Amino acid sequence: MLDDYYEKFHADSGYERLLFRAGKGLQSRELNDLQSQVNHQIKGVADVLLKDGDLVKGGEVIIDAKLATALVTDGEVYIAGQVRPVSSSAVPIDMTDSVDVGVWLTHNVVTEEQDPSLRDPAVDAINFDEPGAARLQQVCQWGLRSDGVGPDDAFYPVHKIEQGTLIIKQPPPQLDAVTQALARYDRESNGGSYVVEGMSLSYRGADQTVQRFSLEEGKAHIEGYEVAFATSRTAEFDYNPDVGEVKEEPKTFQSDSQGNMRIDTDFFPVKQVEEVNVTAEKTVQLTRGQLRGGEDLLPDEAVLEILTVALVGSETKTYTQGVDFIFLRNHISWQLSGDEPNTGEQYEVTYRYRKQLMLDFDEYGFNLDRQLADGGVIVDNTLVTIDYQWHRPRIDLIVLDRFGQIKRIKGQAAHQFPTAPKAPAHHLALAQVTQSWLSEQAPEIENLAVRAVSMSQLEQMQNQIGDLYQLLAIERLRNDANSQDPASKYGVFVDPFIDDDMRDAGIAQTAAIVDGELVLPLSADIAELPVPNGGLLTLPYELENVLEQPKQTGSMKINPYQAVEPIPATITLTPSLDHWTQTQRSWTSPITQRFTRGGGWRTRTTQSTQTQVIGRTTRSAELLRRRWVNFSLSGFGEGEALKRVIFDGTVVTPEET
């Protein structure tokens with residue numbers, strides 16, 4: 001501040017007024033304390049209705065995605081006990097991040113050195129043109145939190161923009177006390193948070209790092225506070241499935257005619273096959289060592305058993321295990337007193353061993369070839385063990401808080417039947433996402449947000465309930481009439497007129513039962529009018545001009561010199577529009593109308609079956625159907641380079657034609 005400026009006002013002192021006394025000198029500090037005291041009193045009352053950053057007027061935001069800027073119009077914002085005007089400004093924003101657009105309040109002290117008009121203008125006075133009180137200037141401007149440069153500057157957030165989408169919390173004027181009262185009433189009367197319109201969640205796709213979802217534009221009330229989106233929003237969450245490990249999952253190898261076997265794991269999708277162990281069989285040639293009664297090492301480890309040992313080139317010379325040799329420490333040991341090959345002679349050994357394999361795999365398992373790379377073959381009907389990692393299913397919860405932030409609450413993964421988490425306090429549950437983690441299968445989304453019911457819908461529901469009770473009463477009456485004995489009781493004969501089973505078939509009938517009523521029969525002759533070949537039958541007529549326009553308009557060139565701007569590039573989508581209708585029919589029983597003429601035994605009945613529409617309901621499709629869209633870009637000038645093509649937030653790779 002200033003060296004000769006003094007102010008000692010403190011709200012805790014309890015001083016409410018300054019009492020100026022006659023004959024006492026007026027201090028500059030007292031004038032400064034008087035201003036601070038009045039501002040403190042006004043701020044105490046204003047803070048009851050408003051809070052810092054509340055819009056009082058204007059301050060609308062227009063987002064330009066191409067320039068990555070947010071244009072904020074002129075407005076008035078309540079800051080530090082006063083409603084302060086803020087001029088319009090274009091604020092650069094990050095279209096991929098969450099940013100707060102608000103007001104920066106800057107303090108400047110202005111003296112007569114910066115503004116000479118602050119000197120005393122009283123001509124002929126002793127103090128003419130002398131310096132007087134300085135001024136505290138406070139300047140407001142739109143900006144981001146990261147724009148502050150001065151240590152004394154203060155930032156007050158007003159708008160929140162999520163990935164280029166403005167989150168509308170409350171239209172101006174924003175009266176904080178009124179808003180809190182309305183929020184409390186809304187929360188207590190409606191039982192919490194709910195969706196007013198829109199806010200449906202859909203899946204947009206995923207890659208190795210993120211999952212993308214799209215939240216429909218709409219409006220919701222969260223704990224009584226309104227959150228609205230003018231356009232749909234894209235939400236991205238980390239692609240982080242929970243990983244489960246399976247050790248030594250057993251399978252039995254049974255090859256097909258091609259020597260292959262398809263092995264599907266018990267749990268999927270598979271993230272990584274770490275190890276596959278099989279039982280293989282191999283025949284190798286060994287050379288007998290120089291030391292008689294010594295040992296010969298087998299080339300493979302983890303040998304299970306020796307099947308045969310025979311001399312190379314001899315069909316009859318074989319050696320017997322336990323008599324001629326023993327299997328010891330992965331060696332052929334000739335320490336027994338039986339026969340053995342001579343030093344330097346070659347002999348063949350057939351044995352079985354366990355082999356560890358590394359194979360290519362897919363989400364469900366892998367293909368196993370009987371023939372191994374080391375020359376061995378996998379033995380049919382033997383054990384295959386698999387060590388692998390897989391993605392465990394999970395149910396996530398997508399919620400929305402009162403500040404318009406979309407969050408994901410991770411559920412507890414399980415081998416099967418995972419449970420969904422509960423929404424935390426002060427959040428609105430939008431949808432449950434059942435994650436199967438299969439690349440070709442999108443996660444199942446169940447929109448479960450509580451939705452507000454309009455008065456017209458309540459009235460329609462009330463009418464439907466009344467109709468339901470009426471139909472139930474009619475059905476009970478009809479069933480009661482059918483269940484009772486229709487014969488004469490106490491001199492009363494009852495016929496519900498449902499069909500002809502109560503009528504005397506031996507007597508000619510002169511009445512007909514139609515739609516539960518006994519009416520006189522009708523007889524009619526049908527006469528067809530002759531129709532000419534043209535298909536129309538009219539009275540003689542002559543054409544007469546009823547409406548005539550003999551005039552015509554002239555024409556002129558709007559741009560005779562062809563002074564036009566360069567034609568911009570043309571972008572064509574094929575198809576550019578997609579209209580389709582999905583129809584679902586629910587059939588009731590067929591309704592047959594009977595037209596009867598005549599009577600007695602020779603009654604002629606004509607039946608005609610026709611379909612009646614009981615009800616029809618039309619609603620908008622919840623999701624768009626999947627279609628391929630082709631892009632065609634043309635009309636670029638010479639030397640113009642195409643940097644990139646973006647369709648609905650997705651980068652598209654074009655091909656030159």
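A residue is taken as buried when its relative accessible area is under 20%, as exposed when that value is over 50%, and as partly exposed in between. These classes are applied here to a predicted model.

In total, 11 aromatic pairs were found. One of them joins W104 and F155, whose ring centres lie 5.1 Å apart with 50° between the planes, a tilted arrangement. W104 belongs to strand β7 (residues 98-110) and F155 to strand β9 (residues 154-162), so that the pair links distant parts of the chain, 51 residues apart. W104 and F155 are both buried.

The rings of F631 and F647 are also paired, with their centres 5.2 Å apart. Their planes meet at 75°, and the pair is therefore edge-to-face, since angles over 60 degrees fall in that class. This pair, too, links distant parts of the chain: F631 is in strand β38 (residues 630-634) and F647 in strand β39 (residues 645-647), 16 residues apart. F631 has a relative accessible area of 31% and is partly exposed. F647, at 37%, is likewise partly exposed. A further group of rings, made up of Y319, F325, W334 and Y347, forms one aromatic cluster.

Two arginine residues are placed over aromatic rings. The charged end of R402 sits over the ring of Y225, at 3.6 Å from its centre. R233 lies over the face of F229, 4.7 Å from the ring centre.

An open sheet of 3 strands was also identified, with antiparallel pairing and the order β12-β13-β16. Strands β12 (201-206) and β16 (233-238) are at the edges; each has a single partner strand, so one side of each is left without a neighbour in the sheet. From one strand to the next, the twist averages 25°. Strand β13 (residues 210-215) runs antiparallel to β16 and is joined to it by 6 bridges. Within this pairing, F213 has A235 of β16 as its bridge partner.

Q211 is located in strand β13. Its relative accessibility is 2%, and Q211 therefore counts as buried, the limit being 20%. The side chain of Q211 makes a polar contact of 2.9 Å with the side chain of Q435. Leaving aside residues up to four places away in sequence, Q211 touches Y203, G205, A206, A235, E236, F237, Y239, R408, Q435, W437 and P443. Among these is A235, the residue that bridges to F213.

Note on methods. Residues numbered from 1 in each chain as written. Predicted model: local features only at pLDDT ≥ 70, side-chain atom pairs only at ≥ 80, totals over all residues. Heavy atoms only, no water. Pairing = 2+ DSSP bridges. Helix = DSSP H or I, 4+ residues; strand = E, 2+ residues; numbered from the N terminus. Axes fitted to C-alpha atoms, helices over the stretch in contact; angles between N-to-C directions. Buried < 20%, exposed > 50% of the residue type's maximum accessible area, 1.4 Å probe, protein only. Polar contact = N/O pair within 3.5 Å; in protein donor to acceptor, adjacent residues only side chain to side chain. Contact = heavy atoms within 4.5 Å. Phe/Tyr/Trp six-rings, centres within 6.5 Å; stacked < 30°, edge-to-face > 60°. Lys NZ or Arg CZ within 6 Å of the ring centre and 35° of its normal.
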